Amino acid sequence: MLLIQNICLQWGKEARGAKGENVRRRFPQAYPIEPQRVQEPVLVQNCRFYQSHQGIRAAIQKEQYLRGRCQYQTFVSVQSVNLTNLLISPGDNALEITFFYDERRSGAPVRRGHNKDYQNPDSPFYARDVCNETAFALSPGQYGRIVWNERRLDSDGIWYYQLHIYNLYNRAEETTTGALFTKREPDYLYSQLAVLY
């Protein structure tokens, strides 16, 4: 079973300065997950937060707040997971976790760099100058984290900013425990943090 915690923190122009950055540095990169039994091979907990000039909205540490801010979804296989810039492939004894820049779903800046499928004519990334690389491979019992950010335009042409955190746990059991992501540091950390102007 694969558990994914998909965290998104969004802020606008009013929270861009040094004061806002100091608040974001203290923003937790993992949260408790409600204990539950899962029938599908993949469970995703989606948590969204918003930062204003007053700080990150509400008391993010409180359990009742998390229940209101986090939603769960399941997937029938690791290949069917549909999260921005994330591809999961099963291997012999591990899950290969790939970070790629999705031009249709991602904001600025464009992520360029290593493209593991540049020479593969069967890949949608064939001969393209975009980031497409293995972040890490998760064996059973291992925990990895992907952190990336982006700048986007809203419908009124105003910039806003997002920090994304994917916590991934390759777990043998079919039940979850509350402190799964918070009781220890990840085994792997992959970062795609860019300077957002």
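A polar contact is taken here as a pair of N or O atoms within 3.5 Å; within protein, one atom must be able to donate a hydrogen and the other to accept it, and residues adjacent in sequence count only if both atoms are side-chain atoms. The model is predicted, so local features need pLDDT of at least 70 and side-chain atom pairs count only at pLDDT 80 or more, while totals for chains, interfaces and linings use all residues. Residues are numbered from 1 along each chain as its sequence is written, and side-chain values use heavy atoms, with hydrogens and water left out.

The side chains of Arg 16 and Tyr 161 are joined by a polar contact of 3.5 Å. Arg 16 is located in the loop between β1 (2-11) and α1 (18-25), helices (H or I, at least four residues) and strands (E, at least two) being DSSP runs numbered from the N terminus. Arg 16 counts as partly exposed because its relative accessibility is 38% (buried, under 20% relative accessible area; exposed, over 50%; partly exposed, in between; 1.4 Å probe, protein chains only).

Asn 170 belongs to strand β9 (residues 159-170) and counts as buried because its relative accessibility is 10%.
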